[in-house]
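Subject: Structure handed over, with notes

Hello,

Please find the structure below. My notes on what was found in it follow.

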Amino acid sequence: MSLVSDVQELLDEVNGSVFWTAAHIYDALNEALIHAYADTQFTTSEGTSTATESSNFMTIPTTIMIPQYIVMGGKEYWPSSYPDLERYSQNWRGEGVGLPKAFIPVSWNVMRIWPAPDTTYDEVSVFGTPWPTEINGTNTDLTADRAFKRHIVLEAGASLVKNTLPQFAQIWAVESLEEKREWKRHLRNHKGRFRVWRLRPATSFSINRGGSPYNFKGYS
Amino acid sequence: MALSDKWTRAQFRTAIRRELMDSGTKWWTDLELNNYIGAWQDRVNDELEFTAGTASAAIGSATQTVTLTDVATDILRPAIVCWNNVLLSPLTIEELNNLNRNWRNVTVGGDPAVIYQETYGEVGLFPPPGADGTLTFEYPMALAFSTDTSTSDLPPWTRYSAIDYACYRAYMRNGANMDVNRAKIYKANFTSKLRKYSTLKRKYLPAGYSKFTPGNEFEVRMVQPSYGGSTMAIIAPSSLSFLDEVPTGTVNAINDTFTLTQTPASGSLKLYVDGVLMQVTTHYTLSTKTITFETAFIPNTGQAIFASYRY
C-alpha cells in the first residue's frame, strides 16, 4: 500500500481514476504533506548556502522549507529580527563589512546578513524543516509512522471531497486531526528532544547537577 | 519537479482547469484564468507579505514628498524607511498636528526624523532635509506574472490555494456555469488556507517586519514639543542612544569628581551609589560629562557607582 493507493481506497476508487485523476490525488497529498511537515516540524535537515562578500542578502537553500538555525564557522546563529538590530544599534545599516553576526529572514527564501560579509563564506549551513519529497507518478509513498501517513491520507481525502461530499470531508478532517495527535504522542515518546522529559529521573537532580533551582535547599 | 519549485502561470492554469473540469478551454478562457491567478497572487501577497524588496533613491535637500513609483515600481507598500541608513519614525498627520500645529511651516534643516503618508503612493519627510541624502526603502514587493512561463514569487506551499481562489471566481462569474453555492465553498476553503498560511508564516518568518503604518509600535523618538513655536523639539533617531556605564574616577572618600564618556541628554542621567539613586543638585551636580558630588555624599572606598543615561 502507498499513500496514493490509500487515498484511492478511501475514495472507493481502487480500480482506477473514475472521479479523481492521479494528478488530483498527487496535489491533495502534496498539500497535506507540506502542512503536516510545517506543523509538526518532526524532522530537521541541513542545506548549504553562500554568504557573498559585501552582499546584504543570502538565499535560503531550496531544500529547507522552514529555516530554524544557521551554522557558520562552527558557531550557531538563531534567526534575528530588525527590531533586535535597532535595539543593538540605531546605525546598524551604516556598519561596514565584517564577520556576520545576525541573520534575519526577510522573505520566504531570503535572509539578510548583518554586517555584510567581509569575504565570501561558502559553507553557511541552514538547518530547518525540509521540503517533503513530492508525491508523483514515480514516488507514491512516504517512509513514516503509520499514524502520520494516516493523517496525510485522511487530510488529502477530505480536501478532495470537500465540494462533493462535505459531510465525509468533515468527518475525515476530524479523523485526520486525531491521527495527527496520535503521531505527536509517538513523537513525544520516541524523538530525542522529548525523551529528555521522558527520561526524567524519579528523584530530580540537585541544583548542583543541573536540576531545578526550586529544589535548592535554601530556596523557599 | 520538487515541491520547492515555483509554479509557472501555465502550471497554475492546468491545475485550475483540472479542478474546473474544463481542460479544453470550453467554459473559461485562458485570459480569464490568468486574471484570477493574478488576483490570487495579489490577495495572498497583500495579506501575508512574503517577499521583500529594497530600493534607494537620492533625495535633494528641502524635498518634502517622495513618490513611491519614482523609487521603485514594485513597492506594494513602504515598510521600513531610512534616511542615510537611520530608521525614520512613521507618524500620522494627527500625531504631527498634536506635536505642533504649525509643523508644515517648520524650516528646512538637519536630518528628517519622521516619515508620514498623506496621499496614496507618496510619503512625506519631516522636517524636510537640510542637505542631500539617501532614502532607503525595504518593502513587501508587488508581484506580477508577465508571461505564461514566469513563476510566482510566493512560497510554493501557497500554490494550492490558487485553485480554490480561481474556482471561486470562476463559479461566481455569470453564465452557464455560474454556481454560487460551489463558489461559496471554494471561497471558504481559500480563506481557511489563508489562515493556515499565516500560522505557517509565523514559523517561517518569526520576526517579520513591521508594516509602514503611521502611528504603529515603532519607537517614536521624540520629546514633548513646545507648542506654538515654529521649531519642533524632535530628536533625530541617530542622536538618541542609551548608555550604562561606571563613571571614571577614583573612589576613595576624597575624590568628588567623576567623568562620563558622553554628555547626557538633559534630565536623563540616573546615578546610583551602591544601588541608591542620587538626586541631582542635592547629592551631585552635572556639568557636560563631569559629575561632582556634594561634600557630604562623596562615595567611600569600595562603593559602586553606576550611571545610566541617554545622549
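In this predicted model, 31 residues of chain B are in contact with 31 residues of chain A. On the chain B side, the elements that give two or more residues are α1 (9-20), β3 (80-83), β4 (86-87) and α6 (180-204). The largest share comes from α6(B), with seven residues. Sorted by class, this side of chain B has 21 nonpolar, six polar and four charged residues.

Next, the core. The largest nonpolar core has 96 residues, and those that touch the most other members are A:L29, A:I152, A:A156, B:A162 and B:A166. Helix α2 of chain A (residues 22-40) gives this core its largest share, 10 residues. As for B:A162, its contacts, leaving aside neighbours within four places in sequence, are B:F12, B:I16, B:I37 and B:W40. Another core lies apart from the largest one; it has eight residues, including B:L260, B:L271, B:Y284 and B:I291. As background, nonpolar side chains in soluble globular proteins tend to be buried together.

Chain B also has an open sheet of four strands, in the order β2-β7-β6-β5, with mixed pairing. Its edges are β2 (65-67) and β5 (89-90) of chain B; each has a single partner strand, so one side of each is left without a neighbour in the sheet. For β2(B), three bridges join the strand to β7 (residues 122-126) of chain B, and the two run antiparallel. One pair to look up is B:T67 and its bridge partner in β7(B), B:E122.

Regards

Notes. Residues numbered from 1 in each chain as written. Chains lettered and ligands numbered in written order. Predicted model: local features only at pLDDT ≥ 70, side-chain atom pairs only at ≥ 80, totals over all residues. Contact = placed C-beta atoms within 7 Å. Nonpolar A, V, L, I, M, F, W, Y, C, P; charged D, E, K, R; others polar. Pairing = 2+ DSSP bridges. Core = buried A, V, L, I, M, F, W, Y, C linked by C-beta atoms within 7 Å. Buried ≥ 20, exposed ≤ 12 C-beta atoms within 10 Å, placed from the backbone.
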